[in-house]
Amino acid sequence: MPTRELEEKRRSFEEIALPLLLVVHRTARRLTRDTERAGDLTQETYLRAYRTFDNFRPGTNCKAWLLTILYSIFVNQYRKERREPPSIAIQDLEERFHELASSSDNPVRWSDREVVAALERLPEESRSVVLLVDVEELTYEEAAAALGCPIGTVRSRLSRARKALFVSLQEYARRAGYIGATEE
Amino acid sequence: MTIESGHLGEELQDLLDGRLGRADRERAERHLRDCTECRGERDALSRVKQAVRASLDANEVPARVTSGVAAALDHEEREALSAPGVRPARQRSRFLGYAAVAAAVAALVLLAVFVPGRRNLPSRVALDYENYKTGRLPLQISTDEPEELDRFFAARGVTFPTRVFDLRMMRYRLVGGRVLNPDGRKRALFVYVGPENKILACEMYEGDVRRLPKNGLQRSYAGITFFVYRRGGSTQVFWQEGATACVLVSDIPTEEVVQLAFAKATKV
């Protein structure tokens, strides 16, 4: 490739892909749950994206393209390195969700810190779908392509993840006394 | 609607994510008006979706990651440039290309090490920075208010727009500034202090960055060209803002200065 084309590639990449550094890094941070590894994963994602930038079709969703690369590296290099710590295991999730969602508790604002903690306690396959769809606003189709699974799986994982988060956050709020104090 | 329960069930999620067709959406919305149980579940799921999004919105990328990504891309680009298939812009043998690069690097090193007094602009900016750090170039005003500093420059006869920026989002606090007027052409200098008391200085002057020495490294971001130099142990990053030339200078890692320049230049 002539030098001029390389320069053009770099300029184009910096204009299209680099503004999404925050997106890539925050997803890496929540997937790996580790600052150091998130930095490495972000760097590797950008490096691979740059190498394969010719495959990116201008006008398509660059965020989805980058997150697909990120998840592929994460699955192949990072996930197997580390055992998942105990994650939220909610017995009778559906029942518990219905119970809490229909209770007359006044809604309290969950702290960002507790939301992030609850998110990080989700099993990785649930966490990743929440990150892609709810945080980064990918469509189910884009998330399915990034995660390498059918759309129906995205839908069912997302459903379970949101319910688990709600139960976890509401139960925390009750334990902390933010809600339900009038019953005592 | 799920037949067994008479409630919306998983359709709530499709409604929330905008995945229902018009007829199904209207039917689901009609059901929600009359069903407190489904409304409670819809509100719960909606709260989760919003809370997760909001909790991660404000995250920042550590400078270490930003500079790591830039360095990895730089390295990749250098590798690509030195690959066998790469044709330099002007056709010449690779050996001569390397020889020319090696000679240029050697000349730069010689210039930086043995001729510190040479007064091209990057060297002069590096000297100003060094003089400020060693107390030989004191500030004329101490303030952390950008507007106050802009007014100060205007009052001291600086005719070009200075646009002093607040860089606290980047963890750099404005401490003050002064006017430099060594050769009749005024330059505005202002100084920031960042993490670990690292000093970052900015100079602005009326001029054209295209007239800078040709041995700077060029970087491009958001359509702006930046010229990067290393002089006297610090990094100088120049860019153009209208008729005004801007330069950031610091002895923090080169890539961090570049990233701060990107941030400052694109801040509206």
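pLDDT is the predictor's confidence in each residue, from 0 to 100. This is a predicted model, in which local features need pLDDT of at least 70 and side-chain atom pairs count only at pLDDT 80 or more, while totals for chains, interfaces and linings use all residues. Residues are numbered from 1 along each chain as its sequence is written, and chains are lettered from A and ligands numbered from 1 in the order in which they are written.

Over residues 88-119 of chain B, pLDDT stays under 50, and the model has 15 contacts for this stretch beyond four places in sequence (a contact has C-beta atoms, placed from the backbone, within 7 Å). The mean pLDDT of chain B is 79, with 82% of the residues at 70 or above. For the complex, the predictor gives an ipTM of 0.85 and a pTM of 0.57.

Turning to the interface, 37 residues of chain A and 38 residues of chain B take part in the contact. On the chain B side, α3(B) supplies the largest share, 14 residues (helices are DSSP runs of H or I, at least four residues, and strands runs of E, at least two, numbered from the N terminus).

One helix pair spans the two chains. Helix α1 (residues 3-16) of chain A packs with helix α4 (residues 63-81) of chain B at about 165 degrees, their axes 10 Å apart; axes are lines fitted to C-alpha atoms, for helices over the stretch in contact, and angles run from 0 to 180 degrees between N-to-C directions. T3(A), L6(A) and R10(A) of α1(A) meet E77(B), A80(B) and L81(B) of α4(B).

Notes:
Two residues are in contact if their C-beta atoms, placed from the backbone, lie within 7 Å.
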